[in-house]
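Dear colleague,

I am passing on the structure we spoke about, so that you can look at it before reading my notes.

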Amino acid sequence: MILSELFTDMADFRRRAPYVESNVTFEELNASALSARKRVLATLGREVWNETLSAPEGAETKEALRVAVANLTLAKQTVFDVIRRRKDDVDIYKHEQEAMRRAYADNYFCAMDTLTRLLDEEGSAAWLNTRYRKALDGLRVRSAADFDELYPIDESYLFFYRTVPLQREALDEGMEGYFTRAEGREDLGRTLLRCLAKRVVAIALRRFDIIEFPPTIRSLFDDSTASRSAADEQRRMLQLADLLESEVKAALADADLALAAADETAVDTETSFNRPDDKIYLMA
């Protein structure tokens, strides 16, 4: 059983995840736990997983991993619990099911955010060899703190690492050329970095579930009503993505003008190539 690697018994499991029925067993949750472990492994890598599991009791990294796996397991199990309860003639409303799933998913992301931050602070060799960490070398924004200064993400380490491939994509599809042309131009460097951060968030809005975003961004889509419409939420996410993309295009257009003006002032003429032994005659 996957959960047996992390928890001694169901009581231990319940301390990390709220509202678990007393009659639930590890065996019943095992299928969802397998899926949860696979998702965590995709971010951490097997070496970091094993290293964290072998950490002493009370280690912050181990506790964060336990909380992450427990809550993601229950987030995936929610839909099956609804089916079971309906068979037992227990009514579950859709908004209640969705609220539970979102709460478990939010707990998962908070725990993973804590875990990635701790791994960063500790400088774990296994963590430094993961694909996310190694990919930072070729990027322009290389830390969650730097990203947060450009666009607020609550210094979410998990969101930052999840968007590493998106940042590489944005750079490869045109942004890298601007940084190359603006080399040495401090006045444009900050603007280009902010454009890069906004473009990354715009791409993420089109590809990620809203649950995966930091609270500051996620709060833009919170409804005051109990009923939520997935279609409306998706539409609003796309609208924000389009808004950010339009701001990026406007800023890049200004950068183009600034770079073109700089290029025009650096004009090479034939006199630029005079050699010291050239004789110049002045006629009165």
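**What I found**

In this model, which is predicted, C110 is partly exposed, because its relative accessible area of 44% lies between the limits of 20% for buried and 50% for exposed. C195, by contrast, counts as buried, since its relative accessibility is 3% and the cut-off for buried is under 20%. The structure holds zero disulfides.

As for the chain as a whole, it has 13 helices and zero strands, so that reading along the sequence gives one α after another, in the pattern α-α-α-α-α-α-α-α-α-α-α-α-α. Of the 284 residues in the chain, 42% are buried, and the chain exposes about 15,900 Å², of which carbon and sulfur atoms supply 52%. Among the contacts with a separation of 6 or more, 71% are between residues 24 or more positions apart.

One pair of helices deserves a separate look. Two packed helices are described by the angle between their axes and the distance between the axes. For helix α2 (residues 26-44) and helix α3 (residues 46-53), the axes come within 7 Å and cross at roughly 105°, which means that α2 is roughly perpendicular to α3, as angles from 65 to 115 degrees are classed that way. On the α2 side the contact is made by R37, V40, L41 and L44, and on the α3 side by R46, V48 and W49. These residues of the contact divide into five nonpolar, no polar and two charged.

Methods:
Residues numbered from 1 in each chain as written. Predicted model: local features only at pLDDT ≥ 70, side-chain atom pairs only at ≥ 80, totals over all residues. Heavy atoms only, no water. Helix = DSSP H or I, 4+ residues; strand = E, 2+ residues; numbered from the N terminus. Buried < 20%, exposed > 50% of the residue type's maximum accessible area, 1.4 Å probe, protein only. Contact = heavy atoms within 4.5 Å. Areas by Shrake-Rupley, 256 points an atom, 1.4 Å probe, with all protein chains shown as cover. Disulfide = S-S within 2.5 Å. Axes fitted to C-alpha atoms, helices over the stretch in contact; angles between N-to-C directions. Parallel < 35°, antiparallel > 145°, perpendicular 65-115°, else oblique. Nonpolar A, V, L, I, M, F, W, Y, C, P; charged D, E, K, R; others polar.
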